[in-house]
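Here is a short tour of one protein chain. Keep the sequence and the 3D view open as you read.

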Amino acid sequence: MSEPGKSLLSSPTSSGGQPVGSDTYKGWLYKWTNYLKGYQRRWFVLSNGLLSYYRTQAEMAHTCRGTISLTTAHIEVGDACHLVLTSGGRSYHLKATSDGESQRWVSALQQAKANASHMMHQSDDSGDEAPVPQPDRALTQGALKTLASKLDDLSTCNELIGKHGAALQRSLSELEDLRTATDGTDKLKTVNERATLFRITSNAMINACRDFLDVAETHSRRWQRALQYEREQRHHLEETIEQLAKQHNSLERAWREAPSTHPDGGERTQEGDASDENEDTEFFDAMEDSPAFITVTASDHTQHRSVRDSGSNNVQLRRVRRSRIPNKPNYSLNLWSIMKNCIGKELSKIPMPVNFNEPLSMLQRLTEDLEYSDLLDRASRCESSLEQMCLVAAFSVSSYSTTIHRTAKPFNPLLGETYELDRLDDFGYRSICEQVSHHPPAAAHHVTSQRGWTLWQEITIDSKFRGKYISVMPLGCIHLQFHSSGNHYVWGKVTSTVHNIIVGKLWIDQSGDIEIVNHRTKDTCHLKFVPYSYFSRDLSRKVTGVVADSEGTAHHIMSGTWDDKMESAKIVESSRGCGGSEGKQKTLYQTLQPKVLWKKYTLPENSENMHFFSSLALTLNEPEEGVAPTDSRLRPDQRLMEEGLWDEANAHKQRLEERQRLERRKREAQATQVLEEGEEDIEGFQPLWFERRTDDSTGESTYVYRGGYWEAKDKQDWSQCPEIF
């Protein structure tokens, strides 16, 4: 986040016209609060070795926002009018507006620190108590009683001063009104008596004040040392808790990974004699009402990577795309410090610095679903709709493989923001996305492939922060249609959950069910993403499923993990088995040897320092000529973050978000005006490249591509595009 510029005002002034080196010094400084609010103006008071700060001068009477003991503080002078105070394990970043003001504050602080240290040494030499872990309770109560007694004395003296002062004033008034010398002698005697009483009472008041001050100063040093000790103990306790949390997270992660190497985790055995079966067949059992727990294992675990366009050997790329981006800076920031006040809120409405983002927008993350588009190329060549369904199911799972290490959130697109990806030359498709709504955030996506398929989707992100974890629930449907057969597949997405928001290392899990339906043949595939559990012996990140025809007859079993691979096994025979747990009946499936449909690509070298981006993700934000002025590649905060300039990125992010808020208010004001004028036709924001239609197969209203983008790109006519950056 950028820091305030030269317009800041600061006027440190000494109290009562005292010089800088005096005990009391007051004035305005700017204190760093957090990445959301940056530097904030605070009123600082330096007195008796303590630097206290308040939001306003009026707060001095009732609320102190913090106190820094200079006795053990370290004062560090930075450049550009900065100074840093470190005390009790905590650092305070302060800022003046000129070198002169900064130097005056530094001089005052150093002088106060020297005086406080000198007073401490004197106290120690005079036999004062050493710091004790827990001050004696009786001693503290005795001191408080003494102070209360002195306050009562002060109150009594105050009443007497008021009483005798008033009497003295009346006597003086009567003396002025006298006319004879005889009366004057008597009145003068009375005035002298009352003046003596006033003087005695005033002296008593002064002595009571002196006693109160002596008692307060005597116990103040002891309490300051006790407070400093408690602060250090608290800081030590926080570090210990954080260390324990890290150890707990490491143990949990080690336990979670252990079952994957267990001898029982790789294969399920079945009871019974199978000697009369073909040696290439295997058996799997399934509960009738929940076939998704079926596990399939392959005997051949060879490395497999699909080759795009395997039928052509003469494909040449027009350009060499980048294979790396600048390394991610090592900026530490506590996520809990920002999220603790946002429990229960929608994630898209929480303003957060770029430290928690990755340098891609949500539109680019949607486009990243095409990482394994070769599965759809293969599916378009399938003659069997059931085998085609298996490949579509593998594609639906593959889109989650890039999320295993990607716990950072993508940038929320601005309303009207777009993203195109033209890969006709190498992968045979081109894609266009547009942000069609901001609250709730919704994006429309359309992909056309020269290899026989079209994909479109409208996804609305519903996200909630639950305290210890964040849930991201994509709402909407993904449509896929193959040109030759007309098969139209529709499915949704599962819930993504980011754990360990408070302490420990962030990790992500996918859970829920996906129901894929072929609306032409009525074939279905039910996939189950098994959530992580402490007590489960199943493989982590497990996915299971069954492909069935329109009659509900199972033909293929799907199994694998969403971060590694998916396999399918053809069912050759099924039979009703004996009752399973909880009285549920099982079905025994006899299948052929499973085959690998999809295998995750290996991440590029040094990916851990490049946000764990895949090969495709590294190219998504690569600058490209001729794109629309609303394209995510041109977003300045995202570009600056990718280049490692996070402070500048935060400044641009705030500017863009504020501009978007102003635009929304303008639209709301226009809508209100239209309503007041009695007009019924209120036209809100209209996307440029997508329009809302009713889908013939599902009957649902969704945004679909209206056309015109690629024609506008060919002509380089972007006159319709709004200026959003």
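Helices and strands here are DSSP runs, numbered from the N terminus; a helix has at least four residues and a strand at least two. The model is predicted.

Now look at helix H2, residues 137-176, which holds Asp153. Asp153 has 36% relative accessibility, so it counts as partly exposed. Asn207 comes 54 residues away from Asp153 along the chain, yet their C-alpha atoms are separated by 9.9 Å.

Which side chains of strand E21 are buried? Cys525, Leu527 and Phe529 are, and they point to one face.

Strand E21 has a partner in strand E20, residues 507-518. The two pair in the antiparallel sense over six bridges. Val517 has Thr524 of E21 as its bridge partner. The hairpin of E20 and E21 has five residues between the strands. In that hairpin, Lys522 takes a positive phi near 70°.

Strand E22, residues 542-548, also pairs with E21. This pairing is antiparallel too, over six bridges. Here Phe529 stands opposite Val543 in E22.

## Aromatic pairs

How many aromatic pairs does a search of the whole structure find? The count is 17. One of them joins Trp507 and Tyr532. Their ring centres are 5.3 Å apart and their planes meet at 85°, so the pair is edge-to-face. Trp507 lies in strand E20, and Tyr532 lies in the loop between E21 and E22. The pair therefore ties together parts that are 25 residues apart in sequence. Trp507 is buried, because its relative accessible area of 14% falls under the 20% cut-off.

Tyr709 and Trp710 form another edge-to-face pair, with 5.0 Å centre to centre and 85° between the planes. Tyr709 is buried at 0% relative accessibility. Trp710 is buried as well, with a relative accessible area of 8%. Ring pairs link Trp689, Tyr709, Trp710 and Trp718 into a cluster.

## Cavities

The structure has five cavities of 30 Å³ or more. Among the residues that line the largest cavity are Leu366, Asp369, Phe395, His445, Trp491 and Lys493.

What is the lining of the largest cavity made of? It divides into six nonpolar, four polar and two charged residues. Helix H7 (385-398) and strand E15 (453-465) each supply at least two residues of this lining.

## Two residues with positive phi

Finish in the loop between strand E26 (595-599) and helix H8 (615-620), where His611 is found. Phi of His611 is near 65°, a positive value in a residue other than glycine. Is His611 buried or exposed? His611 is buried, with a relative accessible area of 9%.

Phe612 also sits in the loop between E26 and H8. Phe612 has a positive phi of about 60°, although it is not a glycine. At 27% relative accessibility, Phe612 counts as partly exposed.

Terms used
Residues are numbered from 1 along each chain as its sequence is written. This is a predicted model: local features need pLDDT of at least 70, side-chain atom pairs count only at pLDDT 80 or more; totals for chains, interfaces and linings use all residues. Side-chain values use heavy atoms; hydrogens and water are left out. Buried means under 20% relative accessible area, exposed over 50%, partly exposed in between (1.4 Å probe, protein chains only). On a 1 Å grid over the protein atoms alone, a cavity is a set of points where a 1.4 Å probe fits but cannot get out, and a pocket is an open set with protein on both sides within 12 Å along at least five of seven lines; lining residues have an atom within 4 Å of a point. Grid points are joined across faces, edges and corners, and a volume is the space filled by probe spheres set on the points. Ala, Val, Leu, Ile, Met, Phe, Trp, Tyr, Cys and Pro count as nonpolar, Asp, Glu, Lys and Arg as charged, and the others, Gly among them, as polar. Two strands pair if DSSP finds at least two bridges between them. Rings of Phe, Tyr and Trp (its six-membered ring) pair if their centres lie within 6.5 Å; planes under 30 degrees apart count as stacked, over 60 as edge-to-face and the rest as tilted.
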